[in-house]
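Trainee: Could you walk me through a few features, one at a time? I would like the general idea and then the case at hand.

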Amino acid sequence: MSSTRAIGHYFRTTLPRIGLESILPSNPNISFFHGLLESCGETKDSRRALIIFRRLLESNEKPSDLTFSLLIKSYVADTSSTVIDSTYAKIEANQVQTHLRKSGFNQYVYLSTAFLDLYGKLGCISYAQYLFEEMPNRDVVSWNALICGYSRNGYDYDALEVFVQMLREGYSPCQRTLVGLVPSCGRPDIVFQGKAIHGFGIKSGLDLDCRVKNALTSMYAKCADLHAAEVLFEEIYEKSEVSWNTMIGAYGQNRLFDDAMLVFKQMQKERVEINYITIINLLSANAHPDSTHCYVIKTGFATNASAITSLVCTYAGCGNLESAGMLYKLMSQKNLVSLTALISGYAENGNMDLVVDCFNQMLELQMKPDAVAVVSILHGFTDATLVGAGLAIHAYGLKTGLCADCLVVNGLISMYSKFGDIEKGFSLFSEMGEKQLISWNSVISGCILAGRTSDAIELFCHMRMLGHSPDAITVASLLAGCSEVGFLQFGGRLHNYVLRNNLEMEDFLETSLIDMYIKCGRLESAASVFKSIKEPCLATWNTMISGYGLSGQEHKALSCYSEMQEQGLEPDRITFLGVLSACTHGGLVLEGKRYFQSMKEDFGMIPGLQHNACMVDLLSRAGFLQEALIFVKNMEVEPDSAVWGALLSSCCIHQELKLGECLAKRLFLLDCNSGGLYVLMSNLYASKGRWDDVARVRKMMRETGGDGSSGISLIEVSSLEKTNNINSLCSSDLSLNTNAWQLSSLH
């Protein structure tokens with residue numbers, strides 16, 4: 001074995017530089033090949049290991065059990081690398097396993113167990129299960145490998161079943177059994193089983209092992225039982241870096257970022273050596289990326305691929321794409337995770353050119369984009385001008401088989417909805433085999449986005465009939481649709497469903513409920529929901545402020561703004577838009593000026609076009625047309641049609657014909673097809689009795705495709721019996737298609 005190690009050391013340093021053919025002797029022996037395979041295991045090069053194995057077979061040397069052991073070891077080492085192509089690795093692993101069976105070495109328990117572990121790490125659970133069942137002899141390590149494989153790949157219940165079967169067959173679990181099994185119980189719905197395993201560990205004495213305690217600490221943290229996690233952490237007599245990392249991660253997962261940093265400082269105080277997992281956990285605990293980046297350089301982890309990848313993901317996640325991009329370029333070994341993070345960041349910012357560049361780079365580097373990468377790209381397609389690129393990604397998904405993934409199909413449904421082509425979304429949805437709740441949510445949300453609320457409600461009722469229970473996302477999407485068309489009765493039923501089923505009141509769901517009641521004219525119901533919220537988020541406050549303003553209760557809107565500040569929340573641009581709109585509706589000129597100034601001076605915000613349009617509307621409606629014109633002249637951004645339209649509207653109110661005509665010319669140059677422009681000018685001419693000009697403007701409007709007179713009203717029709725039927729969201733006699741609406745043209 002010493003000669004094998006010597007050969008391995010030689011080839012580990014020489015083989016990558018000069019190549020295999022240059023050093024292969026005319027009659028190599030088995031020890032020579034073992035040395036080569038050992039070097040491949042140390043360099044994590046499974047592809048080269050397979051080539052060496054083929055050369056061994058060609059040389060008529062018979063592989064031994066050690067040959068297969070070293071070959072499997074190189075693959076297991078390579079699975080920890082982020083650049084391995086799992087598709088090729090699965091094919092190659094099957095080829096090696098065939099040779100193992102042919103040579104009869106599959107009778108060796110340790111070799112079959114090693115292959116079992118490899119299949120688990122490659123995600124080939126069905127192969128692992130088949131191999132396990134085929135094994136004539138098993139030991140505890142074999143059971144551990146299968147349990148760990150199930151747990152690692154998310155088959156939590158299967159892992160528990162195998163553990164129970166292991167006990168029934170008389171095998172005694174060891175510490176590694178529990179370390180592999182406990183992560184499967186890190187879910188609130190099976191935490192009871194996790195506690196039972198904890199009890200088994202106490203009874204058998206296995207819980208005294210620090211690795212078991214670390215696994216249990218992590219499990220309780222994932223189930224939000226931090227007290228139990230803290231007790232277990234304190235019980236560990238000699239805390240390793242894994243113990244400290246687990247506790248930092250536990251606090252980070254539960255958003256107790258200050259506590260996570262305190263644990264890290266205590267870890268440093270105890271002089272425990274940190275590793276790249278510490279860096280990753282710190283970043284997940286909301287540590288400042290710049291400070292962490294400096295710490296990474298200082299501690300020598302700047303060359304660690306996992307630490308740098310985590311930094312790239314953090315920079316991209318917080319919107320610092322410049323730093324993320326620069327750090328990625330400096331990476332010696334590019335990987336799929338960091339490129340996917342960049343793609344997600346660029347897509348979120350609407351920079352689709354860079355998204356396409358990153359995608360092309362993936363293909364050039366022979367990385368295989370996975371479902372997460374494709375979904376990140378699809379989320380960036382937000383308007384119909386990008387339909388060509390969207391179709392190309394769809395084609396790529398079909399070619400590579402990624403369209404079989406539920407996540408990708410949901411992303412495609414959302415993309416086509418944004419393109420206004422909901423029919424393609426319906427087609428994709430109907431082609432899906434097993435429709436999960438997330439898929440129903442995608443197509444319902446797509447219908448709402450496309451303005452087809454009645455179709456969304458029909459789909460929802462069909463979903464309920466098939467036994468799916470809606471979640472907060474389903475309800476929030478439907479509430480948005482109810483808000484658009486004023487479907488108050490169905491919105492009320494959704495609210496009842498939430499209350500009856502104790503659905504978790506997420507911030508976005510509460511905000512959607514308030515918005516629905518406001519837009520359906522039930523301000524008192526909106527206020528009631530708002531008052532029932534213990535700690536409203538900023539979006540909820542913004543919705544309530546805007547609601548009061550739109551309902552003509554401007555003083556309540558301003559009181560709501562003051563109350564929000566008293567709660568310690570800082571306003572954003574949407575907050576000020578609601579406040580300024582309230583001032584405009586109430587004619588509160590002085591207050592509007594004060595809030596506009598506060599926005600700039602107190603909060604350092606640059607007013608957008610909508611904020612400026614509100615101020616112009618406020619000033620001009622109050623009769624300060626000259627001041628409004630000066631305001632527009634001094635604007636930091638170029639005025640758009642909304643700003644000029646606000647001025648023109650006030651000219652109609654104050655019958656300022658000359659100024660109105662000047663403004664109309666500007667608006668005509670910006671958007672000659674705007675129906676509002678012609679209506680305002682027609683009204684202005686009518687107020688002055690200039691009927692010939694009214695006729696001329698009306699004629700111009702008809703030539704652009706509109707007549708300025710037709711409109712549509714929506715009336716929700718339901719019998720008293722249907723209205724009182726609140727026991728079911730979708731009762732069998734309730735018509736929820738377009739026939740439930742009476743449309744009448746108003747001429």
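Trainee: Where is the place of Ala224?

Mentor: Ala224 sits in the loop between helix 13 (210–222) and helix 14; helices here are DSSP runs of H or I with at least four residues, and strands are runs of E with at least two, numbered from the N terminus. Please keep in mind that this is a predicted model, where local features need pLDDT of at least 70, side-chain atom pairs count only at pLDDT 80 or more, and totals for chains, interfaces and linings use all residues. Residues are numbered from 1 along each chain as its sequence is written, and side-chain values use heavy atoms, with hydrogens and water left out.

Trainee: What phi does Ala224 have?

Mentor: Ala224 has a positive phi of about 65 degrees, although it is not a glycine. Ala224 is exposed because its relative accessible area is 56%; buried means under 20%, exposed over 50%, and partly exposed in between (1.4 Å probe, protein chains only). Asn502 also is not a glycine and has a positive phi, of about 50 degrees. Asn502 lies in the loop between helix 30 (488–500) and helix 31 (507–519), and at 69% relative accessibility it counts as exposed.

Trainee: How is a pair of aromatic rings described?

Mentor: By the distance of the centres and the angle of the planes. Rings of Phe, Tyr and Trp (its six-membered ring) pair if their centres lie within 6.5 Å; planes under 30 degrees apart count as stacked, over 60 as edge-to-face and the rest as tilted. The whole structure holds 19 aromatic pairs. Phe233 and Trp244 make an edge-to-face pair, with 5.3 Å centre to centre and 80 degrees between the planes. Phe233 belongs to helix 14 and Trp244 to helix 15 (residues 241–253), so this pair ties together parts that are 11 residues apart in sequence. Phe233 is buried at 7% relative accessible area, and Trp244 is buried at 6%. Phe487 and Phe490 form a tilted pair, 5.6 Å centre to centre with 40 degrees between the planes.

Trainee: Which residues form one aromatic cluster?

Mentor: Tyr561, Phe576, Tyr595 and Phe603 do.

Trainee: How many salt bridges does the count come to?

Mentor: The rule asks for a side-chain nitrogen of Lys or Arg within 4 Å of a carboxyl oxygen of Asp or Glu, and the count comes to 12 salt bridges. One of them joins Asp117 and Lys121 (3.2 Å, N to O); both lie in helix 7 (residues 109–122), 4 residues apart, about one turn of the helix. Another links Asp156 with Arg187 (2.8 Å, N to O). Asp156 lies in helix 10 (residues 156–168) and Arg187 in the loop between helix 11 (175–181) and helix 12 (191–204), so the pair ties together parts that are 31 residues apart in sequence.

Trainee: Is Asp156 buried or exposed?

Mentor: Asp156 is buried, with a relative accessible area of 10%, whereas Arg187 is partly exposed at 28%.

Trainee: What does the salt bridge between Asp617 and Arg621 look like?

Mentor: The closest N and O atoms of Asp617 and Arg621 are 2.8 Å apart. Both residues lie in helix 37 (residues 609–621), 4 residues apart, about one turn of the helix. Asp617 counts as buried at 16% relative accessibility, and Arg621 as partly exposed at 41%.
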